[in-house]
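Reader: I'd like to go through the labels on this one and see which cut-off sits behind each. Can you take me through them?

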There are 2 protein chains.
Amino acid sequence: MTGNGQKRAVGRPPRIEKQRIVDVARRILEEEGVEAVSMRRIAKEVGATPMALYHHVRDKDELLMLTLAGMASTVPRPELPDDPRDRIVATAVHMHAVLSDMIWVIDVLSRGDLTDKGALWMADEIVDSAIRCGLTPHQAIHAYRTIWYLVYGALVFRRADARRAADPGRKPFFPSLLTQDDAGDLPRLAALSEQWEEVTAAYDVAAQLEAVVDGLLARAVSPG
Amino acid sequence: MTGNGQKRAVGRPPRIEKQRIVDVARRILEEEGVEAVSMRRIAKEVGATPMALYHHVRDKDELLMLTLAGMASTVPRPELPDDPRDRIVATAVHMHAVLSDMIWVIDVLSRGDLTDKGALWMADEIVDSAIRCGLTPHQAIHAYRTIWYLVYGALVFRRADARRAADPGRKPFFPSLLTQDDAGDLPRLAALSEQWEEVTAAYDVAAQLEAVVDGLLARAVSPG
DNA sequence: ACCTGAACACCGTTCAAGT
DNA sequence: ACCTGAACACCGTTCAAGT
C-alpha cells in the first residue's frame, strides 16, 4: 500500500510489527533478564498467539540476536585520547562501562553472534591503535580478542559475585569452606582467605586493562 | 545398619543414591551439554520420579554445582617450571587446556560458584608465584582474576566460533555483513576483513597469556 | 501473507499422601 | 526418611486451517 521501499505490499497486511516484537523482547531482557524471555510471554504482551511470532523471526535465538541491533547507538561515542596506547585502554574501559549498564547483552552475545554494526567502531579503534603502536595486523587482532575476553569475563563474574552477595542462602564455596586442613595444600589462599572477598570486590578493570594492554603492546617490533 | 560413619541410619533406607544422581547429571552434561539436563530426564535415567531427586538436592542449581566436585582430580597435576613467571603462565595454560576438554564446566561455573576444592591449587600457584615475582598480595589476587577472566572468555568464544562454523545456516555477522559503505567508518576492519576469520582461528591462548602475565608482573615493586 | 488453534513433547517445583 | 502421583504453571515449535 504505502510501501516502505523495501517490500511489495502483497497479501494480508501485518497486524504485529517485527520491531514491536523485538522491542518487547528487549524490554523483558532489560527488566527481568534472559531467563524471563519466552516466545509465549512476548506473544501475550504484543497481543498475539505464540505462533504469530514465527512469521517474523525464525526462532527464539534469532529474536534474541535482533535485540542487540541498535544498542550501541543508544550510548554517545566518547572522546578518546590521541595517544594510541591510551586510546586502546579508554576504548576497552568504555566497552566495559557500557555493557555494565546493559548486562543482559552479555547473555545474548554468549548465545551467538554480534549483530550490532554500531558496536564495531570499538574493535576498529583497538585494532587500529594497536597497529599504530607497532603491532602487526595479526597481533592487533589477537590483542583485540584478548582485551574483549577480559572485559567479558570481568562482567560475567562481577554479576555472579553480585548474585551471591544478594542471596544470603548460598554461601560462597571459597574462601568459606577452606578449613585448617587446607592450609598445608593451599598456603597462599589460606593466608589470604580473610582478605579475599574485600580484595576481589576492589577489582579495578581499568587498572587491569592498563597492565594487560602494556603487556600486549610490548610485543611490538618498534615499541611506542 | 552398616553405617557410613557420617549419618545415623534411621527411617527408610534410600533407594537412589545422591552420588548416582550427580553422576547421571554429569554424564548428560558431558555428552549433550547443559541444555539437555533436566530434573525429569535425570529422574527417568536413575529410575525414579522427578520429585525423588528433591530429597537429595535442594534444586536443579545445587545439583549442577555438585557435578563440579571431583572434576579437578580426574586430571593429573602437571609438573610446573620453577621460575615463578613461567609457573603462572604454565598454570594458566593448564587451566585452559583442562577446561577445553570439559567445556560443560564453564556453563555450570557461570551459573554459580566453584565447588571443587581440587581446583584451588591453580589459584594458589598463580597467587603465590605472583607474590614471588614482587606483586603485593592485593595485586596478586587481582592478577589471578584477570588471568582467569581471559581463560574463561577464550573458552566461551572459542566454542561460540566452533558452533557457528558447524552451522552453515547462520552466517557470522562480522565480517560478512561489512559492506563498502562501512569502509569509511571502519577502515581497519574493512581492510582486514578478508583475513579476519583465518587470524582469529589462529588465536594462541598461551602466547596471549605470556604477554598478559608480563604486563601484570610489570606492576611489581621489585621486578623479577 | 499473516495469523489462529490445537497439539506434541517437554520444563521446575509444590503439595498431600503413602510406606 | 524416602518416595510417589497428581497437579500447577509454564516451555519451543510443528502442522493444518482460516482470512
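Reader: Why is B:Trp196 called buried?

Author: Buried means under 20% relative accessible area, with over 50% exposed and anything in between partly exposed (1.4 Å probe, protein chains only). B:Trp196 has a relative accessible area of 6%, so B:Trp196 is buried. This is a predicted model, where local features need pLDDT of at least 70, side-chain atom pairs count only at pLDDT 80 or more, and totals for chains, interfaces and linings use all residues. Side-chain values use heavy atoms, without hydrogens and water, residues are numbered from 1 along each chain as its sequence is written, and chains are lettered from A and ligands numbered from 1 in the order in which they are written.

Reader: What makes A:Trp148 and B:Phe157 a tilted pair?

Author: Rings of Phe, Tyr and Trp (its six-membered ring) pair if their centres lie within 6.5 Å; planes under 30 degrees apart are stacked, over 60 edge-to-face, and the rest tilted. Here the centres are 5.7 Å apart and the planes at 55 degrees, so the pair is tilted.

Reader: How do you know that this pair joins two chains?

Author: A:Trp148 lies in helix α8 of chain A and B:Phe157 in helix α8 (residues 137-166) of chain B, so the pair joins two chains. Helices are DSSP runs (H or I, at least four residues), numbered from the N terminus, while strands are E runs of at least two. Both residues, A:Trp148 and B:Phe157, are buried.

Reader: What makes B:Phe174 and B:Trp196 edge-to-face?

Author: Their planes are 80 degrees apart, with 4.8 Å centre to centre. B:Phe174 sits in the loop between α8 and α9 (187-201) of chain B and B:Trp196 in helix α9, 22 residues apart, so the pair links distant parts of the chain. B:Phe174 is buried too, at 14%.

Reader: Why is B:Asp113 buried, and what does B:Asp113 touch?

Author: The relative accessible area of B:Asp113 is 14%, so this residue is buried. Contact means heavy atoms within 4.5 Å. Not counting residues up to four places away in sequence, B:Asp113 touches A:Arg164, A:Lys171, A:Pro172, A:Phe173, A:Phe174, B:Met65 and B:Leu68.

Reader: What makes B:Arg219 and A:Asp214 a salt bridge?

Author: The rule wants a side-chain nitrogen of Lys or Arg within 4 Å of a carboxyl oxygen of Asp or Glu. The side chains of B:Arg219 and A:Asp214 meet at 3.3 Å, N to O, in a salt bridge. Between chain A and chain B the count is eight salt bridges.
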